[in-house]
Amino acid sequence: MTIWPDISFQDRIDTSEFRIHERAHITVNDDSCRGCTTRECVVACPANLFVPTSDGGILFNYENCYECGTCYLVCNKEGAITWTYPEGGFGIVFHRT
Amino acid sequence: MTDADIIVVGAGPAGSCAAIAAARSGKRVVLIERGPFPGSKNMYGGVIYPRILDELIPQWFETAPIQRWVIRRSTMVLSDTGALNIDYRSNAWGQAPYNGATAYRPDFDNWLAQQAVAAGADLICSTTVTGLLRDDQGRVCGVSTDRPDGDLTASVVIACDGVNSFLAKQAGLYPNANADNYTLGVKETLSLSKHIIDERFGVRDNQGVDIEILGGTSGVNGGGFIYTNLDTIAVGVVLKLSKLSAQKKRPEDIIAELKRHPAIAPLVEGGEVVEYSAHLIPEAGLEMMPKMVADGLLIAGDAAALCLAAGIWLEGVNFAMASGMYAGQSASAAIDASNVSAASLKSYTNRLNETFVLQDHKKLRKIPHLVLSDRVQHRYPAFVTGVVERMFRVDNPTPKPGVRRIVREERKKAGIKLSELVRDALTGLKGFG
Amino acid sequence: MTIAVCIKWVNYSGPVESDTPDERFAGFSFADQAALEWALRIAEKSADEVLVLTAGPVGAEAVLRDALSRGAHRAVRIDIDLTSDSSVIARSLVGAMSQARMVWCGDYSNDRGSGSVPSFIAAELNIDQALGLVALELPENANASFTAVRRLDGGRREQLLISGPAVLSVEGSTIRLRRASLKNTMSASKQEIQVITATGDRVETPALRPYRPRPRVTLAPIGLTALERVKHITDTSSSKGHGETVHAEPSVAATLILESLRKWGYLP
Ligand SMILES: Cc1cc2nc3c(=O)[nH]c(=O)nc-3n(C[C@H](O)[C@H](O)[C@H](O)COP(=O)(O)OP(=O)(O)OC[C@H]3O[C@@H](n4cnc5c(N)ncnc54)[C@H](O)[C@@H]3O)c2cc1C
Ligand code: SF4
Ligand code: SF4
């Protein structure tokens, strides 16, 4: 087997710089998610920000978002996701990509 | 009087080149970027083909923040255990006028935007454009931003706001913005010493390698890539959005599996993840392109889906730089002619049609969907590696089978119909030939 | 008059690879941002001029322009190496802020700062200091005194009444800095920034030692066993008459307690 440093998901996310603003730039309407069986966002969000809750809803955190746009494209439910960019100057800041 | 002649939204390669071109022709240009500095929001695989800059920035290669000059391009086809590698090396690419170069976007885009500032454009960062302003006849006449007192007027707005282009969408120019037309790129920047990179990839000094990979994406349609920087390498995958969720595979797991492939592992071994990143790609080319011109408005770069994603061979930065430059020139010409209507700005799309920007797209029209099709993705890698494996295998004392027989048997084993193979080969030939 | 705000150019995150931050990944801390916001709010009422200062190389001018775009009136950069001694930095800053009736700072910078620059500034200016403020209440009238809460060790709080010239350092959580308007952002890039060369001298502070009460001579009692003598010296119980319960109004009680302590030699 090959050897390279295993990396936990949190460590992976921690390699990115996020300048976090107090306003959530993306919001998820938990009510829409309750009826959603496909849950595309849970698999596709590269930052793993959509977490199914035990009671059938979706818990969403905006802080570590890459602002990629995947979630609003894969989600088929009208109105489940409200998507904007964070306030200018905030959010993801890439260094060596 | 307007606040500016031309407002350029987005300081990526498209926006900065638009700003340079417009400022050079004496226009008052404001370049607005939502990140704290140009390039802070921008991520890509890793290779820029900057020859188009010859026109805007002669001797660009003397100041551009380049990591390595690409002198080797490889395409790998991976099956579960095998790999077919097509490798081309040209040391001539390591000297002016150069071919491709690896660079970090937070470096490159920032440098390019500084060229726009040097040409006289005003660069405003940390400012998100939130919408288009329109005059009483519905023509675009400026933008609103998320700053207090944030409206800014201009004769022409050039939207270079990247793949999600909310401006093009707001202007109603984007009918085909659905998940089928996009791929998600995720990437790890791995740190390795320069010495190790040089040895592993067979290069020295600032020579670099670019490897595109077909197969190896855990059954999700897409591809992989490896690029060498000075003391890091980029390893990533590009994944078809509509298939990603269907396969229930998470992006970072697909990278991990690619890194574990026996043909890839020796290249990436020991590399520590120093940065993880993600970004979308407008993948469908002509199939998804919006209208690029409206009264007082031009769209360039990824915002206009001009990224050439011939499957996994991504050229987006050069298309962005070229289209941005033409947009900047056309906007200036329209202002000089005191007519910024869509009809007058049409010179922009004419320019795109005359040059590689749209000609390459037309030529490769069918390629993106072909390369990402289920056949090419799931059956061809097994097929071609199977064929090659049997051609190279020495089965003494059994005599070697004829190539024709190998192809027939492997094709059947991979479940590919002859008619499909012929059709795909023709599409491929028409595209690349 | 002038209200001075001292801000430091620091790395926001990531490894500190050199002493000069990369402009792209640097700015000024939330604490410094809060200091600027308080100064701007006071100046709005008092019509004072807000002067922002930073000590650092030319790249640090980015934070001054940022401050100008948010409403500061004038900016000065002290040209100095970022690794310089905080006492030297403080003296250089003071040299550039003549007439300041108030100096605002962040409580400490987020790059391993110790928060000593504000106190050096206070020492150099010889004015009061109110450091590490966690809450403030500005008065209606900008020149009136006002109260502020300061953090002490062990989670305790101290309330201060601030009147007259002072150096104040605040935590980032006290207030959020306003966003610059578009027009100010555009004009700030063209505004002039005054550059001053650092003085190179340290701030002189009086030598300080922790307070230690004078030793008191206690004669050993005579004629007892060793064990009893030790007990007699160390015992705090009634045998020496030191135990005394005071029943009185708090203010009177305090005086009585101080008297007793003095009598027994615990206070000078
Ligand atoms: C994984 C991946 C790999 C790739 N590999 C390659 C490769 O190897 N070679 C290659 O040539 N291309 C590659 N590309 C494509 C290339 O990155 C893009 O085509 C190119 O960046 C497009 O440039 P642009 O200027 O149009 O858009 P962008 O580079 O996306 O720039 C858009 C800019 O606009 C700003 N912006 C967006 N919205 C607003 C707003 N509302 N207000 C203000 N500012 C805004 C953004 O912050 C950004 O700076 C790759 C892309 C990906 C995702
Ligand atoms: S966000 Fe969309 S895809 Fe995700 S659970 Fe909710 S409705 Fe489903
Ligand atoms: S924009 Fe991208 S990173 Fe952010 S929540 Fe959506 S999918 Fe996740």
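Domain bounds here come from an automatic or database domain assignment. With that in hand, let's work through a few exercises.

This is a predicted model, where local features need pLDDT of at least 70, side-chain atom pairs count only at pLDDT 80 or more, and totals for chains, interfaces and linings use all residues. Residues are numbered from 1 along each chain as its sequence is written, chains are lettered from A and ligands numbered from 1 in the order in which they are written, and side-chain values use heavy atoms, with hydrogens and water left out.

**Exercise 1. The domains of chains B and C**

Task: find which domains chain B has, and how far apart the C-alpha centres of domain 1 and domain 2 of chain B lie.

Solution. 
- Step 1: Look at the contacts (heavy atoms within 4.5 Å). Here 21 residues of domain 1 of chain B meet 24 residues of domain 2 of chain B.
- Step 2: Now turn to chain C, which is divided into domain 1 (2-197) and domain 2 (210-268). The C-alpha centres of these two domains of chain C are 49 Å apart.

**Exercise 2. The site of ligand 1**

Task: work out which chains surround ligand 1, and which atoms lie beside its oxygen atoms.

Solution. 
- Step 1: Collect the shell, meaning residues with a heavy atom within 4 Å of the ligand. There are 37 residues around ligand 1, and the closest are B:Glu33, B:Gly45, B:Val47, B:Arg105 and B:Asp302.
- Step 2: Check the chain letters. The site is shared between chains, because residues from chains A and B surround ligand 1.
- Step 3: Look for polar contacts, which are pairs of N or O atoms within 3.5 Å; within protein, one must be able to donate a hydrogen and the other to accept it, and residues adjacent in sequence count only if both atoms are side-chain atoms. A polar side-chain atom of B:Asp302 is 2.6 Å from an oxygen atom of ligand 1. A backbone N or O atom of B:Ala14 lies 2.9 Å from an oxygen atom of the ligand, and for a backbone N or O atom of B:Cys160 the distance is 3.5 Å.
- Step 4: Consider the cover, using accessible areas from the Shrake-Rupley method with a 1.4 Å probe (for residues, only the protein chains shown count as cover). Of the 1000 Å² of accessible area that ligand 1 has on its own, the protein covers 97%.
- Step 5: Helix H1 (13-24), strand S15 (272-282), strand S19 (313-315) and helix H10 (317-336) of chain B each give at least two residues to the shell. Domain 1 and domain 2 of chain B each supply at least three.

**Exercise 3. The buried residues of H2(C)**

Task: list the buried residues of H2(C) and name elements that cover them.

Solution. 
- Step 1: The buried residues of H2(C) are C:Glu61, C:Val63, C:Leu64, C:Ala67, C:Leu68 and C:Ser69.
- Step 2: Among the elements of chain C that cover them are helix H1 (30-46), strand S4 (49-55) and strand S5 (74-79).
- Step 3: After the helix comes C:Gly71, with a positive phi near 130 degrees.

Notes
Helices (H or I, at least four residues) and strands (E, at least two) are DSSP runs, numbered from the N terminus. Buried means under 20% relative accessible area, exposed over 50%, partly exposed in between (1.4 Å probe, protein chains only).
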